[in-house]
Amino acid sequence: MVWFEFLCGPVTAAQIQTMRAFLHELVPFDESQAIAAADLFNAAARKRSTRIDAMIAATAIVANAALATNNRDAFRPFRESGLRLV
């Protein structure tokens, strides 16, 4: 989900290449992330604009990973549910 969001850009080919070099793996979005994302979405007042962010946050939470983002405000509602931001 994060990779999808990043590729939606705008980004250049060079930026894509640079970011891909930092990634060790692309985590698939499966049932456990879908359940967690739905819980996050519902807890965040079911705002349509939070759907993708809830999916990204859920992926990080389920993987017990911190989320690096420049858009910290969009992910603050998910911190109560265990999302760690860096």
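Because the model is predicted, local features were considered at pLDDT of at least 70 and side-chain atom pairs only at pLDDT 80 or more, whereas totals for chains, interfaces and linings use all residues. Residues are numbered from 1 along each chain as its sequence is written, and side-chain values use heavy atoms, with hydrogens and water left out.

Helix α3 spans residues 31-43 and helix α4 spans residues 51-62; helices (H or I, at least four residues) and strands (E, at least two) are DSSP runs, numbered from the N terminus. The two helices pack at an angle of about 125 degrees, and their axes lie 8 Å apart. Axes are lines fitted to C-alpha atoms, for helices over the stretch in contact, and angles run from 0 to 180 degrees between N-to-C directions. This angle makes α3 oblique to α4, given that angles under 35 degrees count as roughly parallel, over 145 as roughly antiparallel, 65 to 115 as roughly perpendicular and the rest as oblique.

On the α3 side, the contact (heavy atoms within 4.5 Å) involves S32, Q33, A36, A37, L40 and F41. These meet R51, A54, M55, A57, A58, T59, I61 and V62 of α4. The residues of this contact divide into ten nonpolar, three polar and one charged. Here Ala, Val, Leu, Ile, Met, Phe, Trp, Tyr, Cys and Pro count as nonpolar, Asp, Glu, Lys and Arg as charged, and the others, Gly among them, as polar.

Helix α4 has twelve residues and reaches 16 Å from its first C-alpha to its last, close to the 16 Å expected at 1.5 Å a residue; the expected span is 1.5 Å times one less than the number of residues. Its buried residues (under 20% relative accessible area; exposed is over 50%, partly exposed in between, with a 1.4 Å probe and protein chains only) are D53, A54, I56, A57, A58, T59 and A60. These buried residues pack against α1, α3, β1 (66-67) and α5 (72-75). N64, which follows α4, has a positive phi near 55 degrees.

The loop between α3 and α4 contains A45 and R46. Although not a glycine, A45 has a positive phi of about 70 degrees; R46, also not a glycine, has a positive phi of about 55 degrees. A45 counts as exposed at 55% relative accessibility, and R46 is exposed at 53%.

In the loop between α1 (2-7) and α2 (13-22) lies P10. A cis peptide bond joins G9 to P10, with omega about 15 degrees.
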